[in-house]
2 protein chains.
Amino acid sequence: MRPRLVLFGDSITEQSFEPGGWGAALTDRFARQADVVLRGLSGYNTRWALKVLPRAMEGAADADADPAAVTVFFGANDASLPDQLQAHQNVPLDEYQTNLRAICAYFKERWPSTAIILITPPPIYEPARIRDIYGVDDPSRQAERTNEAAGSYAQACIAVAKELGYPVIDIWTKMQEFPDWQSSALSDGLHFTPTGNKILFDEVVKTLASIGFSKESLPSDLPLYHDIDPKDPMKAFGA
Amino acid sequence: MRPRLVLFGDSITEQSFEPGGWGAALTDRFARQADVVLRGLSGYNTRWALKVLPRAMEGAADADADPAAVTVFFGANDASLPDQLQAHQNVPLDEYQTNLRAICAYFKERWPSTAIILITPPPIYEPARIRDIYGVDDPSRQAERTNEAAGSYAQACIAVAKELGYPVIDIWTKMQEFPDWQSSALSDGLHFTPTGNKILFDEVVKTLASIGFSKESLPSDLPLYHDIDPKDPMKAFGA
């Protein structure tokens with residue numbers, strides 16, 4: 001049976017099959033080895049995600065096989081400032097950690113053998129957020145999200161991962177190592193450009209490899225074309 | 001339970017999650033409504049596909065729910081010329097039809113309620129095939145595939161679809177209606193550019209709509225962000 005990867009998260013997961021998206025790139029990479037299942041919920045924070053978790057996972061796994069891995073990628077909305085335009089998405093830092101623990105506990109209970117990979121919220125470029133929300137460049141305004149707040153949630157996510165012993169991708173730090181990440185990796189100060197998607201994709205591939213899930217180690221589904229003998233093709237199919 | 005779309009075919013299906021790919025675009029379009037399952041087998045013709053069909057479909061559907069639809073997209077390899085470099089991929093026209101009927105019969109038997117959508121082989125641009133196969137532009141050489149042969153297989157596929165009463169996408173004809181299709185839609189005279197992927201994506205979306213599977217008619221999985229009341233978000237989650 002082909003192993004499955006489940007992608008659970010907010011809009012950065014839901015949009016991961018747009019051109020250049022990290023979810024599509026994973027599907028492409030493991031096209032002959034694994035199935036990628038998309039469970040992205042735009043705008044959701046961990047509080048809402050926790051409410052819908054069992055329903056969100058309907059059909060995500062076969063009854064008789066746990067997925068190989070699930071990515072849990074929330075925090076960008078939780079980190080919305082509690083006194084700005086997106087205040088209703090805010091979840092306090094403590095509750096964010098409690099919710100992450102509960103989401104992980106749900107997966108551990110339901111799919112005991114599934115590897116849980118946490119992903120921190122990404123960095124934020126505030127001027128682009130102001131432009132996106134208010135339609136103007138206006139440095140006197142306050143963005144609805146700040147990079148500093150996102151960084152606190154990233155640290156909180158890393159702390160939960162360490163506490164539980166799960167792998168974590170610190171995309172908040174990683175992305176900021178890239179030149180001009182503000183515009184090269186982010187399209188609107190929050191969501192990912194194809195370059196930003198590629199940064200996350202590379203990190204997910206590395207993390208999957210660290211738990212033994214890689215293109216090199218997974219068996220391929222059915223004979224590959226270059227292994228089929230042109231002089232006797234049917235041999236590859238047991239005929 | 002989310003409905004499923006299964007994509008079954010050769011390399012043009014296997015590569016459909018590359019940037020701009022038609023499979024990724026379907027996943028993105030139905031991100032909150034359906035799961036797309038990739039079963040692409042590069043280089044395969046209908047003879048080989050038929051041999052592996054039950055194994056290829058392992059994990060493609062839940063035991064208790066037929067997929068909503070399956071695309072069957074073979075013929076580009078069957079139509080390889082029997083006296084050229086890819087002769088071992090060739091399947092005679094009659095056998096191609098017999099194999100298509102057998103593939104459809106398998107799906108009908110296994111998944112009685114699943115809509116089967118046939119897709120014809122795409123058009124071929126021979127000069128680009130010569131360049132791809134022999135590494136040079138050489139009009140004195142013969143390509144391993146011709147547009148004329150692909151057209152015959154497309155007609156044969158349409159005939160099978162009519163005989164069985166299944167919807168069919170004639171991508172051979174459709175693609176040739178686009179200006180400069182030879183280079184705008186095809187990357188190497190056979191596989192699709194993002195523009196070619198978009199042409200097929202649009203046809204698949206139209207055909208799915210004709211069988212009642214559309215963004216407008218399918219329910220969305222879980223409350224959408226714009227339906228969540230900022231003043232009382234938890235109301236959307238029954239709290």
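I began at Gly9(B), which stands opposite Phe73(B) in β3(B). The model is predicted: local features need pLDDT of at least 70, side-chain atom pairs count only at pLDDT 80 or more, and totals for chains, interfaces and linings use all residues. Residues are numbered from 1 along each chain as its sequence is written, chains are lettered from A and ligands numbered from 1 in the order in which they are written, and side-chain values use heavy atoms, with hydrogens and water left out.

**Entry: strand β1 of chain B**

Strands here are DSSP runs of E of at least two residues and helices are runs of H or I of at least four, numbered from the N terminus; two strands pair if DSSP finds at least two bridges between them. β1(B) runs parallel to β2 (residues 35-40) of chain B, joined by 6 bridges, and parallel to β3 (residues 69-73) of chain B, joined by 5 bridges.

I then checked burial (buried is under 20% relative accessible area, exposed over 50%, partly exposed in between, with a 1.4 Å probe and protein chains only). In β1 (residues 4-9) of chain B, 6 of the 6 residues are buried, so the strand is largely enclosed by the rest of the structure. Arg4(B), Val6(B) and Phe8(B) point one way, while Leu5(B), Leu7(B) and Gly9(B) point the other way. In a regular strand the side chains alternate between the two faces of the sheet.

**Entry: the sheet of chain A**

I read the strand order of the open sheet in chain A as β2-β1-β3-β4-β5, 5 strands with parallel pairing. β2 (35-40) and β5 (168-169) of chain A are at the edges with a single partner strand each, so one side of each has no neighbour in the sheet. I followed β3 (residues 69-73) and β4 (residues 115-119) of chain A, which pair in the parallel sense over 4 bridges. Within that pair, Val72(A) has Leu118(A) in β4(A) as its bridge partner. Helix α6 (residues 147-164) of chain A packs on the sheet and touches β4 and β5 of chain A. The direction of α6 makes about 160 degrees with that of β4(A); axes are lines fitted to C-alpha atoms, for helices over the stretch in contact, and angles run from 0 to 180 degrees between N-to-C directions.

**Entry: helix α6**

I placed Gly151(A) in helix α6 of chain A. At 6% relative accessibility, Gly151(A) counts as buried. Its C-alpha atom is separated by 9.8 Å from that of Asp170(A), 19 residues apart along the chain.

In α6(B), the buried residues include Asn147(B), Gly151(B), Tyr153(B) and Cys157(B). The buried residues of α6(B) pack against elements of chain B, among them α4 (93-110), β4 (115-119) and α5 (126-134). Just after α6(B), Gly165(B) takes a positive phi of about 75 degrees.

Leaving aside neighbours within four places in sequence, Trp22(A) is in contact (heavy atoms within 4.5 Å) with residues including Leu7(A), Ile12(A), Phe73(A), Ile119(A) and Phe201(A).

**Entry: the two copies**

I superposed chain B on chain A by a rotation of 180 degrees with 0.0 Å of shift along its axis (RMSD 0.0 Å), by least squares on the C-alpha atoms of residues with pLDDT of at least 70 in both. The two copies are thus related as by a two-fold rotation axis.
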